[in-house]
Amino acid sequence: MSRQRHFWRCCKFSALALISVFCLWHLSWLWDYVEYWTDGSLGAMLNVTTRHPLAPPYPHPYKFLINQPEKCQNRNPFLILLVAGQSHDTHTRNIIRETWGNERNHLDVGVTRIFLVGVSPVARESTQRLLEVESMVFADIVQQDFLDTYYNLTLKTLMGMEWVAKFCPNASYVMKIDNDMFLNVDYLIRSLLRPEMPARSDYFTGYIVANTGPYRRRSSKWYVPKEIYPNSTYPPYCAGPGYVLSVDMARKIYEVAQVIRVIPMEDSFMGICLYELKIPPTRSPANMFNGHRINYDRCAFHNLVMVHHYEPEELWTIWPDFWGKKNSGCRK
Ligand SMILES: *[C@@H]1O[C@H](CO)[C@@H](O)[C@H](O)[C@H]1NC(C)=O
Ligand SMILES: *[C@@H]1O[C@H](CO)[C@@H](O)[C@H](O)[C@H]1NC(C)=O
Ligand SMILES: *[C@@H]1O[C@H](CO)[C@@H](O)[C@H](O)[C@H]1NC(C)=O
């Protein structure tokens with residue numbers, strides 16, 4: 001008897017708990033909409049806090065923990081690849097070293113590969129020891145003392161700009177690229193950058209995004225509060241997965257970032273820097289920088305610069321076909 005009563009009490013309690021969770025979930029969903037339609041002002045009035053940090057701490061004298069100061073001594077690479085990835089992700093770095101990031105593929109023009117990392121937020125000590133060993137073996141890791149997190153991505157890009165400005169200022173071009181990409185360095189060099197031409201300056205190109213603005217919903221992953229960026233639109237910018245700049249831009253961006261407010265969206269922030277510098281991004285042929293995924297096709301991939309969403313395993317699978325048969329021609 002008492003056991004039965006206990007059972008029913010349990011049932012009622014569970015049902016109530018379930019209903020509460022359901023209601024709360026709907027409330028948060030409703031709140032998102034209110035936030036969206038009021039452009040965040042109601043939340044600001046009620047002083048609701050966000051679960052996201054407002055802005056990465058900057059400028060701050062971040063110091064290099066791992067550096068490659070001699071990478072460009074006695075040689076001026078034509079192109080520097082700044083590859084953004086997470087500090088613990090040695091696996092992806094190894095695959096990039098053997099595929100599109102292999103410097104030996106482009107000995108005639110000079111390509112230098114640098115991986116940009118911060119300090120691991122988990123297993124800090126052991127990750128750091130492994131990184132130091134990896135850096136001794138490959139001499140291609142650059143790290144500063146900020147936490148390697150999504151909301152600190154802007155710090156990672158700015159570290160790349162600082163590194164280029166300080167340690168490789170005589171290169172010609174820089175490409176910042178994420179580590180989940182397919183990249184055709186050959187096509188980038190021969191069809192877009194063209195070593196036989198004088199190197200450009202004030203040049204910044206990629207997949208241009210225009211007429212967008214900050215998210216004002218506090219629960220959004222991309223939330224940017226008005227206190228950090230008051231305008232409702234962003235200046236045109238190049239989509240974050242991969243963009244290309246002339247080497248002079250690295251110093252200009254690094255310098256302007258010291259005096260304006262840094263926001264966590266690194267690609268929009270690059271657009272804000274360009275706007276402040278009064279240097280708009282340059283358009284490139286539409287097929288070159290692809291913001292969406294395209295399935296692998298050797299001939300198509302030989303005539304574009306990059307494709308988004310290629311995980312290391314897939315990259316490893318397609319690379320022998322792509323690179324091994326690069327001279328075998330494609331029927332039009
Ligand atoms: C960004 O890095 C700084 C410096 O390490 C750290 O204080 C801050 O918590 C990081 N921000 C996030 C959101 O991880
Ligand atoms: C870059 O070029 C300038 C002028 O030619 C030279 O003084 C400087 O040492 C070079 N820097 C590097 C890092 O090679
Ligand atoms: C933001 O808006 C103000 C006022 O309209 C304008 O002066 C400023 O240039 C804008 N900034 C950006 C980055 O668009």
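In this predicted model, seven strands build an open sheet of mixed pairing, ordered β1-β4-β3-β2-β5-β8-β7. Strands (E, at least two residues) and helices (H or I, at least four) are DSSP runs numbered from the N terminus, and two strands pair if DSSP finds at least two bridges between them. β1 (64–66) and β7 (204–209) are the edge strands, each pairing on one side only. Neighbouring strands are turned by 25° against each other on average, direction ignored; axes are lines fitted to C-alpha atoms, for helices over the stretch in contact, and angles run from 0 to 180 degrees between N-to-C directions.

Within the sheet, β3 (residues 111–119) and β4 (residues 141–147) are parallel partners over four bridges. Val117 stands opposite Gln143 in β4. Helix α7 (residues 247–257) lies across β5 (173–178), β7 and β8 (237–246), at about 115° to β8; contact means heavy atoms within 4.5 Å.

The largest pocket has a volume of about 920 Å³. Of its 35 lining residues, Tyr150, Leu153, Asp178, Trp222 and Asp267 are the closest to its centre. A pocket is an open set of points on a 1 Å grid over the protein atoms alone, where a 1.4 Å probe fits, with protein on both sides within 12 Å along at least five of seven lines; lining residues have an atom within 4 Å of a point. β8 gives the most to this lining, four residues.

Residues are numbered from 1 along each chain as written, and chains are lettered from A and ligands numbered from 1 in the order written. Local features need pLDDT of at least 70, side-chain atom pairs count only at pLDDT 80 or more, and totals for chains, interfaces and linings use all residues, while side-chain values use heavy atoms, without hydrogens and water.

Notes. Points joined across faces, edges and corners; volume = space filled by probe spheres on them.
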